Every structure is written in C-alpha cells, then in structure tokens.
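Here is a short report for a reader who is new to this structure. Please keep the sequence and the 3D view at hand while reading.

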Amino acid sequence: MTDHRLVELPNIVDGEGFCSCGCGKDSTPELLITLQASVFLMARERGKRIRVFWYGARCQAKNQATRGHADRSLHLDGEAADTHWEEYDGARWVKIPSQTVAAIMVGSGLWGGVGWKKYENTTKHTHLDLRDGKNPVIW
C-alpha cells in the first residue's frame with residue numbers, strides 16, 4: 001500500500017495506521033500527530049528512548065471481527081489507536097506497563113479517551129482516542 005500523507009512523522013512509518021485488512025481505510029492526520037506528540041511526551045517523562053506499536057483505523061468488517069470491539073468505535077472514524085509502548089533501558093526494549101502509559105496519557109490532556117483496565121488480562125494494550133470532551137473518558 002502506498003502512503004500518500006503529506007507530512008512525515010519520525011515515529012510513524014509508511015502504512016501504519018491503515019486498517020489491517022488491506023482495505024485502505026486510514027487514520028486521521030489528527031490521530032497521527034497526537035500519537036507522535038505522545039511519543040515525544042513519553043520520552044520526556046520517562047527519560048528514555050520510546051517506541052510504540054499501534055493499530056488505528058478499522059473498516060466495519062475488521063471492527064466486527066475484533067474481539068471486544070465497540071459497535072460505534074472511533075477506530076471506524078480513524079480516530080483511535082490500540083497501543084503497546086516500550087522503552088530502551090540501555091540494553092534491550094522493555095514494555096511499559098499499560099497503567100503507566102494510561103496515567104501519562106490522561107495527564108497529557110491530548111486524548112479524549114484512555115482505556116487500559118479492560119485489557120489488562122488479555123491484550124495488555126492501551127486504547128487512545130480523540131473523542132470530544134474536556135476531561136478524558138477512562139476505562
């Protein structure tokens with residue numbers, strides 16, 4: 001798949017953020033920029049190199065096939081990301097606990113929704129989304 005984005009972001013590679021089924025549905029530019037800002041924030045907060053693995057946009061078929069999906073998921077609008085965060089400890093990459101990621105993301109004021117508790121015993125990811133609201137919805 002060819003990426004036609006106008007801006008290159010250092011922590012977002014070509015094709016990242018597109019629906020994983022190959023349909024071409026893409027994440028919004030706002031999501032990409034907010035995720036990039038979050039990587040910079042996490043690096044500053046943790047004092048280490050950071051990398052994030054994430055899934056963004058979903059088409060209706062992919063959303064329905066995703067365990068634990070929401071019927072009106074912001075992934076359908078390209079405004080949500082399921083993320084796994086790691087930091088480099090000088091010798092190897094180490095997972096940052098979802099609760100730690102969530103606390104930093106809630107405090108950042110960048111995200112309208114931050115979810116991790118629901119996923120702690122399964123995929124252990126942190127959901128981030130751009131829903132409207134002054135205070136983030138947390139689950």
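## Tyr88 and Trp93

Tyr88 is partly exposed, because its relative accessible area is 26% (buried means under 20%, exposed over 50%, partly exposed in between, with a 1.4 Å probe and protein chains only). Trp93 is partly exposed too, at 25%.

How many aromatic pairs does a search of the whole structure find? The search finds 1. Tyr88 and Trp93 form this pair, with 5.2 Å from centre to centre and 55° between the planes. The pair is tilted. Rings of Phe, Tyr and Trp (its six-membered ring) pair if their centres lie within 6.5 Å; planes under 30 degrees apart count as stacked, over 60 as edge-to-face and the rest as tilted.

## About the model

This is a predicted model, in which local features need pLDDT of at least 70 and side-chain atom pairs count only at pLDDT 80 or more, while totals for chains, interfaces and linings use all residues. Residues are numbered from 1 along each chain as its sequence is written, and side-chain values use heavy atoms, with hydrogens and water left out.

## Lys48 and Arg46

Lys48 sits in the loop between H1 and strand S1 (50–55). Helices (H or I, at least four residues) and strands (E, at least two) are DSSP runs, numbered from the N terminus. Lys48 has a relative accessible area of 32%, so it is partly exposed. Lys48 touches Ala43, Glu87 and Tyr88, leaving out residues up to four places away in sequence. Contact here means heavy atoms within 4.5 Å. Lys48 and Glu86 are 38 residues apart along the chain, and their C-alpha atoms are separated by 9.6 Å.

Arg46 belongs to helix H1. Its relative accessible area is 30%, which means partly exposed. Neighbours within four places in sequence aside, Arg46 is in contact with Glu87, Ile96, Thr100 and Ile104. Val114 is 68 residues from Arg46 along the chain, with 19 Å between their C-alpha atoms.

Is Ser38 buried or exposed? Ser38 counts as buried, because its relative accessibility is 0%. Ser38 lies in helix H1 (residues 29–46). Residues up to four places away in sequence aside, it touches Trp85, Met105, Leu110 and Trp111. The side chain of Ser38 makes a polar contact with the side chain of Trp111, at 2.9 Å. A polar contact is a pair of N or O atoms within 3.5 Å; within protein, one must be able to donate a hydrogen and the other to accept it, and residues adjacent in sequence count only if both atoms are side-chain atoms. The Ser38 side chain also reaches the backbone oxygen of Thr34, at 2.9 Å. Ala70 is 32 residues from Ser38 along the chain, and their C-alpha atoms are separated by 24 Å.

Thr34 is also in helix H1. Thr34 is buried, because its relative accessible area is 13%. Not counting residues up to four places away in sequence, Thr34 touches Leu110, Trp111 and Leu130.

## Ala81 in strand S2

Ala81 is placed in strand S2. Its relative accessibility is 0%, so Ala81 counts as buried. What does Ala81 touch, not counting residues up to four places away in sequence? The list is Leu31, Trp54, Tyr55, Gly56, His75, Thr126, His127 and Leu128. Trp54 is 27 residues from Ala81 in sequence and 6.2 Å away in space, C-alpha to C-alpha.

## The largest pocket

The largest pocket has a volume of about 630 Å³. Of the 29 residues that line it, Arg58, Thr66, His75, Asp82 and His125 are the closest to its centre. Strand S2 (80–88) and strand S5 (126–129) are the elements that give two or more residues to the lining. S2 provides the largest share, 3 residues. On a 1 Å grid over the protein atoms alone, a pocket is an open set of points where a 1.4 Å probe fits, with protein on both sides within 12 Å along at least five of seven lines; lining residues have an atom within 4 Å of a point. Grid points are joined across faces, edges and corners, and a volume is the space filled by probe spheres set on the points.

The lining divides into 8 nonpolar, 13 polar and 8 charged residues. Ala, Val, Leu, Ile, Met, Phe, Trp, Tyr, Cys and Pro count as nonpolar, Asp, Glu, Lys and Arg as charged, and the others, Gly among them, as polar.
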